[in-house]
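Let's take a walk through this protein together. Have the sequence and the 3D view at hand, and follow along as the text goes from one spot to the next.

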Amino acid sequence: MKFSYRFLLRRVALQICSIAFLPIASQALPPLVIEGTVLGKVKTSDESVVQVHRGVGAKEIDAPLNELGIELKNMERLEDIALDRQGDVWWLRPRPMSRQSWQGLVHTDLSRDQSLKTRVSGEWLEYPTVIEAGLAHDARDLVVLENKQNPFDPTLGREERIPRKEERAFAKIKVSGRSLEALTDADIKSGDIHAGALLSGRKQISQESLTVKWRRGAIEWLPYVQSRQNEFTSSISPLLSNTGRGLRTGTMVKWSDTSVPEEELSLSGAVSAESLTRIYADQSEARFQRYDFSTVLGKATSLSFIDLKVRLAADAAEDAVHTPRDSSFKAQIWDLGVEVSSPRRFQQGVVARVRRFALLPTPTQRFGDGALLMGSEDLQPETGLRASVGPWIQLAGMELEISGFYEQVVNAPVMIAVSPTSARTVGLGGVWAEGLDVRGSAGLGALKINVVYSYQDALNSSEISWQRGKAVPGRPRHAMKTGFEYFRGLWKGGADYGYRSEDALDLAGLWQKPPHHDLGAYLGYGTRDWEFRLAGGKLLAKENGLPSAEFAGQAAPDLLEPKLEQMEIRLQCEFLM
């Protein structure tokens, strides 16, 4: 790769600017962990059977599976778009009158932000086809707690409203047949970024993918291609502006045998190649490449007194990062999970899960996102052990599962603020966690109730003295979400309540995020063909109030100003066409 002096000078200039705005020596406190970024696991359909709960607060950087089961590894997570595209968000169900007829579904959501999405389903050339598309616009101001003085001063700053504009759109076409399925989708998002006074600008992202699933007997073949483009325009310095593009292609082959009743055996293999390129304002480039091969063996069997599921996976990858300091990375990891449960045909029983896991760093973690997140070229795979055990019960209209869990992890990735204009993913030396997980649901006539509760004690077991024994950010001790829905004639209504206890903001335990309450409710009226709803969200925003004095530390070093919640009242409508 050609060496770029302009690239080197640009990085030096950025570091000088960062040092100039860092706290003085007397304020040199440990960096803050960016909220909610103790990364979670990417679940696959095979993996979910042995996934052990790891507590609320987990977050993935890269996107999860698409509808056909392919991991979108170099695609950026667009949470709001993913929510729009979820199938269970649609209230009504299309009912085509004949095989040749088409039926449309329209959903609108109006508040200080607006969104519109539509779905058309029918048959095209005798193949069942679904077409979806959506648009959204958000011009709500971003409300933050300003702190332009000493960022470690516990004195609260004043409220500041920052103008912001965001647009997003998506489109998806899925064609299904007896032996062939095809899925193509595209996402576009453009919005303003504000992460403190020293990092603001506008980021535009577009990403597309095409996946085909071909079935022949017990064999499935899934070739795919994914592309991504993004552009960040800094309003602070043109040196921070850049454009990027990425391409990933690969294929997966899966064989499964269900010929024996009560047993299932599956074997899959996948190979992929991907590349990411980032071009800066001075025309210098940085590139990332990854080649990956993985295989998964799964076995499920049901005996007279137990159900047994086993999953064994192996993954080998090679990365190459080309910057003024070229580097390479090779890793071979393996993963083994076992689930033993009383047969689900009984009304009660016990389930136990054990998993030795290993996860490669994602391309975003190693190469950055082109805006806030810098790349961590030396980040190592996360490895650990998780186990859980507990009873479950199934009665008429009711399900309940209680499990105690234990987890021990090395190199758990977290993102921390490393300068006034950037963050970086680092691996914690060790994390030890134990706790209790409760999940339940009940249906009492027209009333449906569900509850999820998590208690966990997650501690940093790092060898670094000022981190050892401290709480792990992003994992509050208590977290709960409960809700209900009630149906009577054409009327329906519901509410949900969430609670999160105090949460650490830094690795040294110097700052705490205060407890958080969240309440939402809706009232709806409709038939099989249309429905209106009046909904409220973040109804306890005022009750949460301003952050406490300890919470003001999140502004350090003027990178993450505390964001304040705003109550929402929404008018929603969905109808069949």
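A charge sits over a ring if NZ of Lys or CZ of Arg is within 6 Å of the ring centre and within 35 degrees of the ring normal. By that rule, Arg 356 lies over the face of Trp 334, at 4.1 Å from the ring centre. The charged end of Arg 366 likewise sits over a ring, that of Phe 329, at 4.2 Å from its centre.

A word on the ground rules. This is a predicted model, where local features need pLDDT of at least 70 and side-chain atom pairs count only at pLDDT 80 or more, while totals for chains, interfaces and linings use all residues. Residues are numbered from 1 along each chain as its sequence is written, and side-chain values use heavy atoms, with hydrogens and water left out.

Now for the overall picture. Of its 577 residues, 46% are buried, where buried means under 20% relative accessible area, exposed means over 50%, and partly exposed is in between (1.4 Å probe, protein chains only).

How do the strands line up? Take strand 3 and strand 6 (residues 166-176), which run antiparallel and are joined by 10 bridges; two strands pair if DSSP finds at least two bridges between them. Here Gly 134 stands opposite Phe 170 in strand 6. Strand 6 also pairs with strand 7 (residues 180-194), again antiparallel, over 11 bridges. A hairpin of 3 residues connects strand 6 to strand 7, and Lys 172 stands opposite Asp 185 in strand 7.

Let's look inside. A nonpolar core is a set of buried Ala, Val, Leu, Ile, Met, Phe, Trp, Tyr and Cys residues joined through side-chain atoms within 4.5 Å. The largest one has 11 residues, including Phe 357, Ile 416, Leu 428 and Leu 507. Strand 19 (412-419) and strand 21 (431-444) are the elements that give two or more residues to this core, and strand 19 gives the most, with 3. Leu 428 touches Val 414, Val 472 and Leu 507, among others, not counting residues up to four places away in sequence. Apart from this core lies another, of 7 residues, among them Leu 68, Leu 183, Tyr 224 and Met 252.

Back to the rings. Rings of Phe, Tyr and Trp (its six-membered ring) pair if their centres lie within 6.5 Å; planes under 30 degrees apart count as stacked, over 60 as edge-to-face and the rest as tilted. That gives 5 aromatic pairs. One of them is the tilted pair of Phe 288 and Phe 367, 5.9 Å centre to centre with 35 degrees between the planes. This pair links distant parts of the chain, with Phe 288 in strand 12 (residues 285-302) and Phe 367 in helix 3 (residues 363-367), 79 residues apart. Both Phe 288 and Phe 367 are buried. Elsewhere, ring pairs link Trp 491, Tyr 525, Trp 530 and Phe 532 into a cluster.

Most residues other than glycine have a negative phi. Leu 125, though not a glycine, has a positive phi of about 55 degrees. Leu 125 is found in the loop between strand 2 (113-124) and strand 3 (127-138), and counts as exposed because its relative accessibility is 61%.

Note on methods:
Helices (H or I, at least four residues) and strands (E, at least two) are DSSP runs, numbered from the N terminus. Contact means heavy atoms within 4.5 Å.
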